Amino acid sequence: MTTTPRALNRSTLARQLLLDRAPIGVGDAVRRVVALQAQQPGSPYVALWNRVTDFDPERLDEALAGFELVRSTLMRLTLHVVHAEDYRAFREGMEPTLRGSRLHDPRYKAAGFTAADADALLPRLLEYAGEARTGALMRECLEEARGGPVEAVVWRMIRQYAPLWHAPSGPPWSFGTAQSFVTASTLPVLADPDAAAAGLAVLLRRYLEGFGPASVPDMAQFTTAPRGRVREAVRLLEGDLVQLEGPGGTVLYDVPGAPLPDGETPAPPRLMAMWDSVLLAYADRGRMIPPGYRKHVIRVNGDTLPTLLVDGYVAGVWRPVEGGIEASAFHPLSARVWEEIAGEAEALDAFLAARDPRVYGRYDHWWVKGLPTVETRLFASR
């Protein structure tokens with residue numbers, strides 16, 4: 001079976017609940033989309049607002065407070081919100097990448113620490129975090145266990161490696177600038193190649209459910225796992241996967257029976273969150289971002305701006321401003337599309353008003369630096 005670029009775009013939109021908002025709970029929604037990138041505290045809320053019918057942010061507050069959904073360092077070495085039932089397998093699958101990048105970081109080693117030191121210190125740290133502890137208290141515990149000062153970079157590397165969940169510390173969102181941590185309720189097996197291989201296979205199957213069809217490079221991009229590990233995990237899954245031929249003869253993998261909409265399936269406009277996973281989940285970013293726009297929405301430091309999706313593809317950016325939502329297009333849009341964007345913008349503005357109307361205000365400097373917009377409209381608050 002062969003597929004086209006537009007059909008791949010539509011399969012992503014369908015599986016990511018972006019063709020139609022779904023009338024489901026937040027836990028089921030997060031499992032459907034696999035994971036929500038969450039280093040910006042408001043982004044998981046905006047991401048679910050785009051995907052869930054009549055999304056109530058208090059339901060996400062409750063799911064995070066009760067650890068039905070958990071925030072931890074996982075794929076791409078950054079914070080994600082995932083379902084607690086997925087956490088252990090995902091964390092085991094990410095173990096070699098997290099261990100190598102955190103415990104063998106040159107800055108960590110320069111401070112006099114080794115991977116063996118972390119292994120020795122973790123049991124005490126995890127016992128101490130049996131209940132939520134602030135970052136300051138966790139660092140003090142680490143220093144007591146070490147018997148001396150611990151540099152900030154060491155604490156950062158260890159907390160990103162350790163199987164810790166972030167405990168809510170907001171408002172206006174569940175997580176604020178102050179950090180608090182608690183030990184994962186079901187601990188993953190660390191530094192075990194068999195557990196890591198099995199975990200990665202689970203993670204990649206879930207990835208295909210939420211983002212497929214996809215290639216080995218796509219899977220490696222989503223996870224930051226080396227392609228050799230990805231190929232081995234695909235080999236373990238091979239009897240459970242189907243193969244398709246993508247553009248240019250690329251081998252794509254998928255789970256049987258997953259949605260594969262026609263490339264001409266209508267796709268409504270969406271105002272996507274910063275760092276939304278659909279923009280970052282593929283080696284082939286062209287699935288969602290026209291090549292000429294990539295550098296404008298994924299900045300040199302990795303900041304991924306809040307984007308307009310039009311006909312399934314990035315067509316511009318948006319930001320909350322004083323008095324409403326400002327939307328800027330990179331190419332001319334029809335009056336009908338602007339009318340549809342207006343409806344989305346007005347609803348999003350009302351959604352943000354109760355929490356943080358300027359949710360992405362700290363990133364305004366990217367607009368000051370300049371963006372190649374051809375038209376900008378302000379959708380004023382009502």
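This is a predicted model: local features need pLDDT of at least 70, side-chain atom pairs count only at pLDDT 80 or more; totals for chains, interfaces and linings use all residues.

Author: Residues are numbered from 1 along each chain as its sequence is written, and side-chain values use heavy atoms, with hydrogens and water left out.

Take α1, residues 5–15. Helices are DSSP runs of H or I with at least four residues, strands are runs of E with at least two, and both are numbered from the N terminus. Nine of the eleven residues of α1 are buried, so the helix is largely enclosed by the rest of the structure. Buried means under 20% relative accessible area, exposed means over 50%, and partly exposed is in between, for a 1.4 Å probe and protein chains only. The buried set is Ala7, Leu8, Asn9, Arg10, Ser11, Thr12, Leu13, Ala14 and Arg15. Just after the helix, Leu17 takes a positive phi of about 60 degrees.

What covers those buried residues? The cover includes α2 (26–33), α10 (193–211), β8 (251–254), β10 (307–310) and β11 (313–321). Contact here means heavy atoms within 4.5 Å.

Follow β11. Nine of its nine residues are buried, so this strand too is largely enclosed by the rest of the structure. On one side, β10 and β11 pair in the antiparallel sense over four bridges. Strands pair if DSSP finds at least two bridges between them. Val310 stands opposite Tyr313 of β11. Two residues lie between the strands of this hairpin, and Asp311 there has a positive phi near 55 degrees.

β11 also runs antiparallel to β12 (residues 324–329), joined to it by six bridges. Val321 has Gly324 in β12 as its bridge partner. This hairpin has two residues between its strands as well, and in it Gly323 takes a positive phi near 100 degrees.

Now α10, another part of the cover. Ala191 sits in the loop between β6 and α10. Ala191 has a positive phi of about 55 degrees although it is not a glycine. It is partly exposed, at 49% relative accessibility. In the loop between α10 and α11 lies Pro213. The peptide bond from Gly212 to Pro213 is cis, with omega near -5 degrees.

α1 also reaches a pocket. The second largest pocket is lined by 13 residues, of which Leu8, Asp218, Pro247, Thr250 and Asp284 lie nearest its centre. α1 and α11 (216–223) are the elements that give two or more residues to that lining. A pocket is an open set of points on a 1 Å grid over the protein atoms alone, with protein on both sides within 12 Å along at least five of seven lines; a cavity is a set where a 1.4 Å probe fits but cannot get out, and lining residues have an atom within 4 Å of a point. The volume of this pocket is about 230 Å³. Volume is the space filled by probe spheres set on the points, which are joined across faces, edges and corners. Its lining divides into seven nonpolar, three polar and three charged residues. Nonpolar covers Ala, Val, Leu, Ile, Met, Phe, Trp, Tyr, Cys and Pro; charged covers Asp, Glu, Lys and Arg; the others, Gly among them, are polar.
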